[in-house]
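User: I am new to this structure. Please show me how to read its features, one at a time.

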Amino acid sequence: MLDVGCGLGAGACAAATVWPSIAEIALLDRSALFLRLATELMKDSGVPAPIKAIERDFVAPPALAEPPCDLVVIGYALTEVAESDLSSVVDRLWAQTSGALVIIEPGTPRDHTRLMVVRDQLIALGANILAPCPHQAPCPLPANDWCHFSVRLPRRRAHRLVKDVAAPFEDEKFAYLAVGRFGASRPSARIIAPPRANKAGISLKLCAGKAFRETFIPKRDKARYEKIRRKDWGDPLRAPVEEI
Ligand SMILES: C[S@@+](CC[C@H](N)C(=O)[O-])C[C@H]1O[C@@H](n2cnc3c(N)ncnc32)[C@H](O)[C@@H]1O
């Protein structure tokens with residue numbers, strides 16, 4: 001796998017945790033300091049795969065690394081690319097991918113808009129959308145909305161001191177796009193906002209098929225309600241919501 005704009009190697013670390021069998025990890029960054037720290041952190045965490053550090057600017061050169069990789073990850077780095085360079089960087093990322101390309105960005109309206117441009121470009125290049133969209137059609141969200149998700153991260157003491165905050169966690173909002181050269185069975189829908197529960201039932205905001213929709217599952221519909229109340233923001237729904 002290749003982690004482009006690796007910083008401290010969060011993407012590579014996550015991939016190595018999910019797939020300990022990864023044969024080789026390439027870390028790419030223009031900062032020699034980040035590359036050194038990421039390599040040390042990964043070794044200290046016991047990642048068994050050999051690690052290659054590539055000190056390179058991913059906007060400038062024609063190729064990122066040799067050879068193409070099964071998995072290419074770019075986390076919170078495409079957001080730093082100028083609008084005028086975005087398309088050529090996406091071409092390069094896709095050319096580098098023999099399997100799947102995963103792009104993670106801050107969960108802001110600006111980054112969602114850019115990600116949708118990137119999505120169109122990747123579809124035109126022949127990519128299959130793997131997530132989060134359960135379809136390959138244009139994004140159905142209205143212009144004043146943006147697709148994003150949230151993950152709760154623990155804050156250690158040092159983290160709290162540096163940020164001068166008291167809460168022992170933070171909710172990080174992110175947007176993402178996973179595309180592949182292979183197809184995959186798509187979910188029927190994805191929950192794209194926090195589910196809202198009240199006395200009568202639960203409301204879900206779904207990207208379903210080619211459409212965006214709000215749906216309400218009443219508590220009196222016991223079987224469906226029991227299944228759906230365990231779902232969270234970002235989760236896929238395998239069956240159509242009417243059949244759950
Ligand atoms: C915000 S950090 C994200 C780091 C890491 N991917 C993560 O998710 O924690 C952005 C990283 O991208 C690198 N970067 C930004 N633009 C770059 C470029 N044109 N070429 C190489 N690295 C770049 C920076 O040096 C930095 O390490």
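User: Where does Tyr 76 lie?

Analyst: This is a predicted model. Tyr 76 sits in the loop between β4 and α3 (83–95).

User: What is phi of Tyr 76 near?

Analyst: General idea first: most residues other than glycine have a negative phi. Now the case here. Phi of Tyr 76 is near 55°, a positive value, and the residue is not a glycine.

User: Which loop holds Asp 164, and what is its phi?

Analyst: Asp 164 lies between α5 (157–163) and β8 (169–180). Its phi is about 55°, positive although Asp 164 is not a glycine. Asp 164 counts as exposed because it has 6 C-beta neighbours inside 10 Å.

User: Now peptide bonds. Which residues does a cis peptide bond join?

Analyst: Most peptide bonds are trans. Here, a cis bond links Glu 66 to Pro 67, with omega about -15°. Pro 67 is in the loop between β3 (51–55) and β4 (69–75). A cis bond also links Ala 131 to Pro 132, with omega about 0°. Pro 132 is in the loop between β6 (128–131) and β7 (149–154).

User: How is the protein chain divided?

Analyst: Into domain 1 (2–180) and domain 2 (189–243). Their centres, taken over C-alpha atoms, are 28 Å apart. At the contact, 10 residues of domain 1 meet 12 residues of domain 2. The side of domain 1 that touches domain 2 has eight nonpolar residues, two polar and no charged.

User: Which residues touch the most other members of the largest nonpolar core?

Analyst: Val 4, Val 72 and Ile 103, in a core of 52 residues. Both domain 1 (2–180) and domain 2 (189–243) give residues to this core, so it lies between them.

User: What is Ile 103 in contact with, leaving aside neighbours within four places in sequence?

Analyst: Ile 74, Leu 78, Leu 115, Val 118, Tyr 176 and Leu 177.

User: Last, the ligand. Which residues come nearest?

Analyst: Of the 17 residues around the ligand, Gly 5, Gly 7, Arg 30, Gly 75 and Ala 77 come nearest. The shell around the ligand divides into eight nonpolar, five polar and four charged residues.

Conventions. Residues numbered from 1 in each chain as written. Predicted model: local features only at pLDDT ≥ 70, side-chain atom pairs only at ≥ 80, totals over all residues. Domains from an automatic or database assignment. Contact = placed C-beta atoms within 7 Å. Nonpolar A, V, L, I, M, F, W, Y, C, P; charged D, E, K, R; others polar. Near = placed C-beta within 6 Å. Core = buried A, V, L, I, M, F, W, Y, C linked by C-beta atoms within 7 Å. Buried ≥ 20, exposed ≤ 12 C-beta atoms within 10 Å, placed from the backbone. Helix = DSSP H or I, 4+ residues; strand = E, 2+ residues; numbered from the N terminus.
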